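Please open the structure in your viewer and keep the selection tool at hand, as this tour moves from one selection to the next.

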Amino acid sequence: MQEDVVVVKDFTKTYGSTVAVDGLSFTVHRGEIFGLLGPNGAGKTTTMESLEGIRHPTSGSLNVLGVDPTRQPDRLHRLIGVQLQSSGLPGSMTPAEAMEFFCAYHHVAPRYDLLKRLGLGEKQNAQFSTLSAGQQRRLALTLAIAHNPPLVLLDEPTAGLDVSSRIELHDVMRELQASGTTLMLATHDMAEAEKMADQVAILLRGKLAALDSPTQLTATGSGLVKISVASETSCLAQEGGVFPGVSQQLNKDEYMIYYSHDAGETVPALLDHIKTHGDHLVDLRVERPSLEDRFLEITRSEDSNGGQP
Amino acid sequence: MIAFFHHFMYDFRIGLREKSLLLMNYLFPLGFYVLMGLLMTGINPTFAPTMTPAMILVAIMAGTLLGLPYPVVESREAGIFRSFKINGVPALSIVTIPILSSCVHITLVSIIITLTAGPFFKAGVPVNWGYFLLILLLTALTFASLGILIGVVSPNSRLIVLFSQAIFLPSMILGGLMIPSDMLPPALYRVSLLLPTTYAMNAWKGLAFGMQSTFDPLWGVLILLASGIIAFTLSIYLFTWDSKNKSRGHNPLLALLSLLPFVIGAIFLSTL
């Protein structure tokens, strides 16, 4: 049986008359990477900050590794590591000082090896304000994991990072997961969530719109498969045609893109059309819907339902 | 205790590393001291006997009222305190450590002023070193508590300037630093009793420098102590981790209670 690390039950948070989170419930299991997705104002940061003990729920309950974040903040901070969205460090503090400072408050020896492991060895005596965005993010993650917490909460961990820095951070996250650490990830980045997360919760206007693994979520959508075709003389764009299974088509750059609910019927028909028009195939791609497609589908459906997910 | 030590050492180093703090802790008070030593001792011969405590008070006010509040507001607005809270840094440390480290900076500047003012500018030297140090420590702690309290209750840096200057400027003019309080007209003398520097100067003159004090210097010690304790307690009570989270919601006007001992002093001591 999987051990529950985070249990959120009927969690509601209001600011005056504004409902930021409305009756949210989910469970995160040990060793999982859990993605919290949603557009701006969906309630992701409020949920994360409430789990970190910064904000207090208006109603409902939160449980982090058996600790109530509101009532037992002293126990909580030993169990969690948090990489904040904002910098969270004084501009003149060096990575080495930050490591000493936070490790001292966590009652553990400073982990200078982690600074080196995350590529900050040469920058350990540089002031925080002089570090690049990628180095600042890596330092925040290093400090979050330095006391070896069983749960790490990451808020937009790769926002603004270049490709190689993102890959490095993803590698570290995978290593942490392999060592049994549970990770909660609030992100706008659907590709990151799809790649990294075992379970994803999509929040819309403070409510839970979907909760499942990325694979299941994409499978339970409209079921449309995206077929992109390019040919030498672009006969599909010029001649048009009706193909079996296609519910929507559009022309983008040199490609004709078809959304089909039966790729097995559509693809042979497309190839046959190209051949009969004396054209030659250049590229053909068949893709299942991405998490981003599914996210947009859920968002549009919520909008058309007048804010009721 | 190890965490407290690391935090203190970091805060002390920042007082030297950050240009704005270096200016307030050392460059401004020492520059002002040299300027006053060169100019005022020639223009006004009555300045020399009280020059040492007056210049130490300038150092105390610069390091505390002008130097302490801004980092508090900046850290709160930048989410640094939120990060501290998540990592188990207690509010008591956040309030106490800058007070202690600024007292160390003030002590270093005070040593320079006290050791050089006599030989270079023929300034008065303490006759009772015990009282001199006691009043130095008490005044520094009181002003540092007031400085932190200003940072805690100021929602932005513009209000810091307003609150800090509301004490700093009148203290420079009426607080006994440039003109002895007993030479002020009665109405201004009553106003000067609302300022902490008046009590510190009076206590130093009467207890440490062997000079005539305007009123019983022990009243000054008591009033400074009371204000310091109230300011420190209110700094912890009113402290907020996060400007976006108003859940604690204590009224910042409570900070005015820290000035109550001076109001009481002004009421009772102006009639003596």
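## Chain A as a whole

Select chain A to begin: among its contacts with a separation of 6 or more, 66% join residues 24 or more positions apart, where two residues are in contact if their C-beta atoms, placed from the backbone, lie within 7 Å. What you see is a predicted model, in which local features need pLDDT of at least 70 and side-chain atom pairs count only at pLDDT 80 or more, while totals for chains, interfaces and linings use all residues. Residues are numbered from 1 along each chain as its sequence is written, and chains are lettered from A and ligands numbered from 1 in the order in which they are written.

The C-alpha trace of chain A spans about 75 × 45 × 40 Å along its principal axes. Colour chain A by secondary structure and you will find 11 helices and 13 strands; helices (H or I, at least four residues) and strands (E, at least two) are DSSP runs, numbered from the N terminus.

Next, select residues 4-219 of chain A, which form domain 1, and then residues 227-288, which form domain 2; these bounds come from an automatic or database domain assignment. The C-alpha centres of the two domains lie 43 Å apart.

## Into the interior

Of the 309 residues of chain A, 42% count as buried, that is, 20 or more other C-beta atoms, placed from the backbone, lie within 10 Å of their own. Now select strand 5 (residues 80-83) of chain A, where A:I80 and A:V82 on one side and A:G81 and A:Q83 on the other are all buried.

## Where the chains meet

Finally, show both chains: 21 residues of chain A are in contact with 22 residues of chain B. Helix 2 (73-79) and helix 3 (95-105) of chain A each supply at least two residues of the side that touches chain B, and helix 3 gives the most, with 6 residues.

Methods: A residue is buried if 20 or more other C-beta atoms lie within 10 Å of its own, exposed if 12 or fewer, and partly exposed in between; C-beta atoms are placed from the backbone.
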